[in-house]
Amino acid sequence: MKKVFAIFTLIIFIISSTACDTADFPSVPVGSAGVPDDYFNLPDNSTAEPDGTSKVPSESTDISVSSDVPTANAATDPNSSFEFVDDTHEWKGDNFIYNPNSVDTSFYQRYYGDFSWSDETRTLWTGASGVQPKEKYDPAAAVAYGRKYWDNHVGLCAEFISRCLTAGGITEFTTSSTSITMQLLNSRLGFGQFITYDKSDHTIPMPEYARPGDVVQIFCSYEGTLIHSLLMVDTSERGRLKAVCHNFANDGEYEFKIDYMNDPCYDCYTETVEVFFYHFYRDDDEGLPDEVVNNRNILLWEDHGHNIANEEYDRVAALKYAINHPMDGVGANGAEHTSAILQAGGLSIGYPIQSAMFMQLLKSHLGSAQSLPVNPNRTVTLPDCAVAGDICFVYCPDDGVMFSSFAVAGKDEYGRLIAHSYDLVNDGASAFKIESLCPGCGCEVGEVVLYHFDD
């Protein structure tokens, strides 16, 4: 079914593309090596001092930004056309979370083949150093709530798990499975990983350090979304997950099996192969991965798993597209724009939701993500590894969403981010200044997430 749909949408794309002016599309061949320092007259990326420390500008340092493009801010601008959807990742029947009539066709143009298996151990997301958890989690209280209310018919799976986590002492969780994942990863109360489930009987083998109160979610690799949320309450004698959940409610007394609702994905019908597992640190933890024990800043890692995009990234082609196609970077349109940048760089990654696209990047095995704090003057200092062509996401930990994304254009003389982002008032040649508020809760965000491609 998916192949027929893919062929149909490809025909539509070919027909529509003949009516477009393609003169400014990137013509750099895929696989071009690196990005020369002066290729697009980008700033010199070599801004670190010889001893490896970065220059830090004073708060009085002038920040040059464009003034002819208004800042998009749906939280405070009543005339904004961007509508924040509270249930950003909840699927209800055939109702897409975006308007099908306005979705960029790039999502349907791409088609993943078989997932590639990798035995590589790698860190997928690293948090900023020195950040401590703001709350404490009581797993016993969460499990008690889950066992009591597993069949009360209040809310869908994500809302139920959110209530369980709140009962465990964690506040302000959303009712979106994907956003809950983002909030968990940002909580610094534990770490996440992906687990391949047993296709022979559709059960989920749990690591030895898994404990009641941990969270498991079904992951759709094709869309990059989490489609079903579970609370672990026990394991069977052979180490399989027992969980409580809503939607085809489960009481946690038997081994949980991924049923027809989740395999294949009930939205895109792609075969699911993995689940996301979040483990909360315990005082009696034993057998944790060495990577996590030695670095509590690791938010997400995996010792093996599926690579959903066995491809290479061409920074030059991606940057040419970003320069030639300025567009807003907030909301669905921004996700489509970043998706187009990635596809110009040779990747099939691209879903018209920021957080889902970020999850696709994490599972691509093409690089890794790291959280970066926003400076008091609203700029962002990039790490030494960051170069033009990497992707940045503006992240709201309260809502658990990436609400903006853009391509890195380079660094200024102080090592601050320069971006191809026009809705957030940046001209691709001067320091990027985050002034747009989260369109969901209206907060002034304090961090961005950089995705750096390994070269």
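This is a predicted model: local features need pLDDT of at least 70, side-chain atom pairs count only at pLDDT 80 or more; totals for chains, interfaces and linings use all residues.
Local features need pLDDT of at least 70 and side-chain atom pairs count only at pLDDT 80 or more, while totals for chains, interfaces and linings use all residues. Residues are numbered from 1 along each chain as its sequence is written, and side-chain values use heavy atoms, with hydrogens and water left out.

The table sets out its two pairings (at least two DSSP bridges between the strands).

| Partner of β13 | Sense | Bridges |
|---|---|---|
| β12 (residues 391-396) | antiparallel | 6 bridges |
| β14 (residues 417-420) | antiparallel | 4 bridges |

Phenylalanine 393 lies opposite serine 405 of β13, and glycine 410 faces isoleucine 418 of β14. The β12–β13 hairpin has 4 residues between its strands, with glycine 400 at a positive phi near 70°. In the β13–β14 hairpin, 5 residues separate the strands, and glycine 415 in the turn has a positive phi of about 80°.

**Nonpolar cores**

A nonpolar core is a set of buried Ala, Val, Leu, Ile, Met, Phe, Trp, Tyr and Cys residues joined through side-chain atoms within 4.5 Å. The largest has 57 residues; among those touching the most other members are Trp125, Phe358 and Leu362. Beyond its neighbours within four places in sequence, leucine 362 is in contact with Leu124, Trp125, Leu300, Ala369 and Tyr451 (contact: heavy atoms within 4.5 Å). A second, separate core of 28 residues includes Phe191 and Val275.

Definitions and conventions. Buried means under 20% relative accessible area, exposed over 50%, partly exposed in between (1.4 Å probe, protein chains only). Helices (H or I, at least four residues) and strands (E, at least two) are DSSP runs, numbered from the N terminus.
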